[in-house]
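Here is a quick tour of one model, written for someone who likes to check geometry. Take a look at it before reading on.

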Amino acid sequence: APQFELAIAAASIAEVPADTSGLSEAQRKAIWVEVVQAEDRAMKETKNLPSPQRWDKNDELAAKYRAAVLKKHGLSKEQFFVIQREGLAKNWVFPKY
């Protein structure tokens, strides 16, 4: 029984509606790339800070840059999380760092 429940849970995570946020898959992939690049930008900008400060500042900048991308596309965090899950489930390519 536990294996069956695990299979159902895994299947439901991978299921993503085709019309996520009313955007085409190409548009969702482009947003995925923009957000990953925004998060990478935050990482680059904070890489030389001392450890405790680096992680806090990285989180702050990543959230700021991610919010700018979502605002640009008129998306809520929840809508992006759906796109993010889709990207992970479908193994979308991460842009080069």
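Which residues do ring pairs link into a cluster? They are W32, W92 and F94. This is a predicted model, where local features need pLDDT of at least 70, side-chain atom pairs count only at pLDDT 80 or more, and totals for chains, interfaces and linings use all residues. Residues are numbered from 1 along each chain as its sequence is written, and side-chain values use heavy atoms, with hydrogens and water left out.

Back to the rings. Rings of Phe, Tyr and Trp (its six-membered ring) pair if their centres lie within 6.5 Å; planes under 30 degrees apart count as stacked, over 60 as edge-to-face and the rest as tilted. The whole structure holds three aromatic pairs.

| Pair | Centre to centre | Angle between planes | Class |
|---|---|---|---|
| W32 and W92 | 5.8 Å | 85° | edge-to-face |
| W32 and F94 | 5.0 Å | 55° | tilted |

W32 sits in helix α2 and W92 in the segment after α4, so their pair ties together parts 60 residues apart in sequence. F94 is also in the segment after α4, 62 residues from W32. With a relative accessibility of 3%, W32 counts as buried (under 20% relative accessible area; exposed is over 50%, partly exposed in between, with a 1.4 Å probe and protein chains only). W92 is buried too.

Now the helices, which are DSSP runs (H or I, at least four residues) numbered from the N terminus. Helix α2 has 22 residues and reaches 32 Å from its first C-alpha to its last, close to the 32 Å expected (1.5 Å times one less than the number of residues). Its buried residues pack against α3 and α4. Buried residues of α3 include R54, L61 and Y65, and the buried set packs against α2 and α4. The charged end of R41 sits over the ring of Y65, 3.8 Å from its centre (the cut-offs are NZ of Lys or CZ of Arg within 6 Å of the ring centre and within 35 degrees of the ring normal).

N91 is not a glycine, yet has a positive phi of about 55°. At 64% relative accessibility, N91 counts as exposed.

How far to trust all this? The protein chain averages a pLDDT (the predictor's confidence in each residue, from 0 to 100) of 82. Confidence is lowest in helix α1, at a mean of 46, and highest in α3, at 94.

Terms used. Helices (H or I, at least four residues) and strands (E, at least two) are DSSP runs, numbered from the N terminus. Contact means heavy atoms within 4.5 Å.
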